[in-house]
Amino acid sequence: MDVQLKKGLLEGCVLRAIRYDESYGYKIIQDISPFVEISESTLYPVLKRLEAMGMVTTRTAEHNGRLRRYYLITWPGIQKIEEFKEDLKEITRINDYICFEGRLQ
Amino acid sequence: MTKYEWERELKNNLKRVPEAEVGRILDYYNELFADKAEEGLSEKEIIRKFGNPFDVAYKILYDYRGGTGSNEEASQPPYGASAPFLEDAAPLESPYANPAAPPAYAPSPSVSAAYPPPAPRTAAAYAPPTPVVPDSAPAKTRKGRGGVIAAKIIFFLPYAIIMIVMWSLVVSFFAAGFGSVVGGVFYAFFSLSLLDYSIGASAATCGAGIAAFGVGCLMSVGAYLFFKTAKKLTQKYFYMGKHRR
């Protein structure tokens with residue numbers, strides 16, 4: 001898949017994975033991987049970026065005697081998901097043109 | 001490769017990355033390692049799945065270069081002051097590096113409680129205009145979605161019936177065509193066994209078999225064309241149902 005396109009889609013997937021409840025690295029990968037190919041090394045930059053953009057915050061909590069970093073969605077993150085929905089409508093229209101030459105309109 | 005070796009390799013490849021950031025990356029992989037080990041995976045397996053440390057480092061470096069945009073100049077270090085994570089690194093690192101210190105965020109599991117973030121963070125700029133409780137948003141969306149689905153079902157019911165009738169016809173056409181082909185072939189072969197009984201009967205049966213085979217072929221072709229039309233219509237139908245309001 002196109003790198004830029006996947007980058008954006010992964011952000012959406014990660015936000016969705018933590019939308020209703022906080023989550024941690026391993027669980028996010030497990031939740032997302034049925035839908036999109038993701039590896040540990042791919043997830044890290046995505047989380048980093050989302051955090052830098054203020055769409056995700058983190059907290060650490062103890063789990064089995066070690067620390068685990070949990071990722072929480074913020075209000076801008078929720079708004080980003082809504083933006084994704086709008087974008088998707090546009091993408092659907094373009095897809096219709098590319099794949100069906102607009103016959104389904 | 002052991003975990004220790006893997007980490008050392010990764011560190012070697014991240015020499016130009018600030019120490020605090022390297023610490024975060026290692027924490028991230030340590031956590032994943034522990035989580036996977038809890039699942040019962042072996043050290044070797046986990047390290048193999050993490051991939052080549054060089055590739056991992058490359059991905060991290062590449063992403064920041066791409067993410068910050070204008071780091072092509074040689075004079076600028078790969079992590080220019082413009083890199084957003086640099087400002088973040090210090091306040092973030094403190095609770096993480098020192099577990100005894102109270103965390104910067106209230107350690108409450110609920111999303112609403114963890115928000116708003118502490119003031120010095122860049123995220124503070126995004127302070128929500130109204131403290132909307134995120135939990136209420138999904139409920140609203142779900143309710144709305146249910147109504148839309150119901151409306152779609154009622155609105156598209158006639159289409160659904162047409163679909164069902166059309167697909168039944170396609171299936172029956174195919175069945176009839178297939179049956180004729182198989183029957184025709186069977187009859188053509190069956191006629192051979194009539195040869196010593198009567199040549200006339202054998203020839204007639206053979207002819208009937210071949211005729212049935214031909215009719216079956218025509219029906220199959222017809223069914224295939226019908227199937228293509230039905231498929232197109234169904235795609236259109238589902239497409240409307242899914243993406244069109």
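Which residues touch the most other members of the largest nonpolar core? The legends below, for a predicted model, start with this core.

**View 1. The largest nonpolar core, with 34 residues.** A:Val14, A:Ile18, A:Ile28, A:Leu47, A:Leu50 and A:Val56 touch the most other members. From chain A, the elements that give two or more residues to this core are H1, helix H2 (25–32), helix H3 (40–52) and strand E3 (66–73). From chain B they are helix H1 (3–13), helix H2 (19–38), helix H3 (43–50) and helix H4 (53–68). In soluble globular proteins, nonpolar side chains tend to be buried together.

**View 2. Surroundings of A:Leu47.** Leaving aside residues up to four places away in sequence, A:Leu47 touches A:Val14, A:Val56 and A:Tyr71. A:Val14 and A:Val56 are, like A:Leu47, among the core residues that touch the most other members.

**View 3. Helices H1(A) and H3(A).** The two axes come within 10 Å and cross at roughly 75°. An angle of 65 to 115 degrees counts as roughly perpendicular, and H1(A) and H3(A) are therefore roughly perpendicular to each other. On the H1(A) side the contact involves A:Leu10, A:Glu11, A:Val14 and A:Leu15, which meet A:Thr42, A:Val46, A:Leu47 and A:Leu50 in H3(A). By class, this contact has 6 nonpolar, 1 polar and 1 charged residues.

**View 4. Helices H1(A) and H4(A).** The axes of helix H1 (residues 3–17) and helix H4 (residues 75–100), both of chain A, come within 10 Å and cross at roughly 125°. H1(A) is therefore oblique to H4(A). Their crossing is left-handed. Residues A:Gly12, A:Leu15 and A:Arg16 in H1(A) meet A:Gly77, A:Lys80, A:Ile81 and A:Phe84 in H4(A). The residues of this contact divide into 3 nonpolar, 2 polar and 2 charged. A:Leu15 takes part here and also in the contact of H1(A) with H3(A).

**View 5. Chain B.** The secondary structure of chain B comes to 8 helices and 0 strands. Along the sequence, the pattern reads α-α-α-α-α-α-α-α. Chain B has 245 residues, and buried residues make up 15% of them. Among contacts in chain B with a separation of 6 or more, 61% are between residues 24 or more positions apart. Helices H1, H2, H3 and H4 of chain B each give two or more residues to the core of View 1.

How values were computed: Residues numbered from 1 in each chain as written. Chains lettered and ligands numbered in written order. Predicted model: local features only at pLDDT ≥ 70, side-chain atom pairs only at ≥ 80, totals over all residues. Axes fitted to C-alpha atoms, helices over the stretch in contact; angles between N-to-C directions. Helix = DSSP H or I, 4+ residues; strand = E, 2+ residues; numbered from the N terminus. Parallel < 35°, antiparallel > 145°, perpendicular 65-115°, else oblique. Left-handed = near helix turned anticlockwise from the far one by under 90°. Contact = placed C-beta atoms within 7 Å. Nonpolar A, V, L, I, M, F, W, Y, C, P; charged D, E, K, R; others polar. Core = buried A, V, L, I, M, F, W, Y, C linked by C-beta atoms within 7 Å. Buried ≥ 20, exposed ≤ 12 C-beta atoms within 10 Å, placed from the backbone.
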